[in-house]
Amino acid sequence: MKKIAVITGASSGLGREFALQIARHYKTVQEIWIIARRTDRLDNLKKEIKEISDKTVRVLTLDLSKQSDIDFYKKLLERQHAGIRVLVNAAGFGVMGHVDKISYEDSVDMVDLNCRALIAMTHISLPYMTYPSNIINMASSAAFMPQPSFAVYAATKSLVLSFSRALNQEMAGKGVTVTAVCPGPVDTEFFDRAQVYAQMIPVKKYFLVKPEDVVRKALTDAYHGKEMSVYGVAMNAFRGLTSVIPTSVILKFFN
Ligand SMILES: NC(=O)c1ccc[n+]([C@@H]2O[C@H](COP(=O)([O-])OP(=O)(O)OC[C@H]3O[C@@H](n4cnc5c(N)ncnc54)[C@H](OP(=O)(O)O)[C@@H]3O)[C@@H](O)[C@H]2O)c1
């Protein structure tokens, strides 16, 4: 049985970086499936992976907000004699702004991609996970507490964090670990779409980190079976604060 890595959101940012680092470091993986909507980006990534490893790369142009494309992935897996060594759910997006200022479509699309598609991809992949294997889900530090001006996005990431931690517990002893990755702001294309309605608060720019560093830590944490991966002193401090200071008090600083 061939061992594969499946990476969603691979056409840019964190997903792309996961694909490159997995190509370099996951020696037992023979084939990498890279998933997103932009085929040209995925084709370029395929070339880059071929330059640094001998792994086979399968480009899957899928819109994960469409049930038909999720079904395609399910059928593809059923036809393969493959075991998943690592699944990375990195497809996702967020838009900033008060809920009554952003479109209804953007709100429900965030829920659809960040939550529904992530759960669907995980569910479908679970029977194919090898022993041992890793599921790596992109949550966010936005999951740690409600965030005015990022309300729906933060709520979707709370779901990802909660779901991932519970699943990690369910999988204990079965060789499958689930790691929720919770970075603060990362320097990717994420903010192109995120800032259509409202700008990021300027102070956040000082916390921007590189995708390479977030992914390196996430892969190390997944390797060690950690249920959460939080990169950087600032975000670990934020996480600490949200666990000791009442949410109602912290929320006062957000408006
Ligand atoms: N950047 C940050 O500050 C940050 C912080 C914390 C958590 N995160 C999370 O990290 C994950 C990756 O974000 P990023 O920073 O790497 O953003 P990014 O550079 O914008 O990448 C997002 C990826 O999702 C894919 N995608 C979007 N809609 C899709 C759809 N309908 N179907 C399939 N793929 C879709 C995009 O590819 P196509 O457009 O080609 O489909 C792209 O590859 C997201 O879940 C995000 O919420 C990001």
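Helix 3, residues 67-79, packs against helix 4 at an angle of about 15°, and their axes are 10 Å apart. Helices here are DSSP runs of H or I with at least four residues, strands are E runs of at least two, and both are numbered from the N terminus. An axis is a line fitted to C-alpha atoms, for helices over the stretch in contact, and angles run from 0 to 180 degrees between N-to-C directions. Helix 3 and helix 4 are therefore roughly parallel to each other; the classes are roughly parallel under 35 degrees, roughly antiparallel over 145, roughly perpendicular from 65 to 115, and oblique for the rest. Helix 3 passes helix 4 in a right-handed crossing, right-handed being the case where the near helix is turned clockwise from the far one by less than a right angle, and left-handed where it is turned anticlockwise.

On the helix 3 side, the contact uses Gln 67, Ile 70, Tyr 73, Lys 74 and Leu 77, and on the helix 4 side Arg 116, Ala 117, Ala 120, Met 121, Ile 124 and Ser 125. Contact means heavy atoms within 4.5 Å. By class that is seven nonpolar, two polar and two charged residues. Ala, Val, Leu, Ile, Met, Phe, Trp, Tyr, Cys and Pro count as nonpolar, Asp, Glu, Lys and Arg as charged, and the others, Gly among them, as polar.

A word on provenance: this is a predicted model, in which local features need pLDDT of at least 70 and side-chain atom pairs pLDDT 80 or more, while totals for chains, interfaces and linings use all residues. Residues are numbered from 1 along each chain as its sequence is written, and side-chain values use heavy atoms, with hydrogens and water left out.

Helix 4, residues 104-125, also packs with helix 5, residues 151-170, at about 15° with the axes 9 Å apart. That makes helix 4 roughly parallel to helix 5. This crossing is right-handed as well. The contact between helix 4 and helix 5 has 11 nonpolar residues, four polar and one charged.

What is the angle between helix 1 and helix 7? Helix 1, residues 13-25, and helix 7, residues 211-223, cross at roughly 55°, and their axes come within 9 Å. The two are therefore oblique to each other. Their contact has eight nonpolar, one polar and three charged residues.

Now the ligand. An N or O atom in the Lys 157 side chain is 2.9 Å from a ligand oxygen. Val 186 has a polar backbone atom 2.7 Å from an oxygen of the ligand. A polar side-chain atom of Asp 63 lies 2.8 Å from a ligand nitrogen.

Last, the backbone. The peptide bond from Tyr 131 to Pro 132 is cis, with omega near 0°, and Pro 132 is in strand 5, residues 129-138. Ser 149, in the loop between strand 5 and helix 5, has a positive phi of about 75° although it is not a glycine.

Definitions and conventions:
A polar contact is a pair of N or O atoms within 3.5 Å; within protein, one must be able to donate a hydrogen and the other to accept it, and residues adjacent in sequence count only if both atoms are side-chain atoms.
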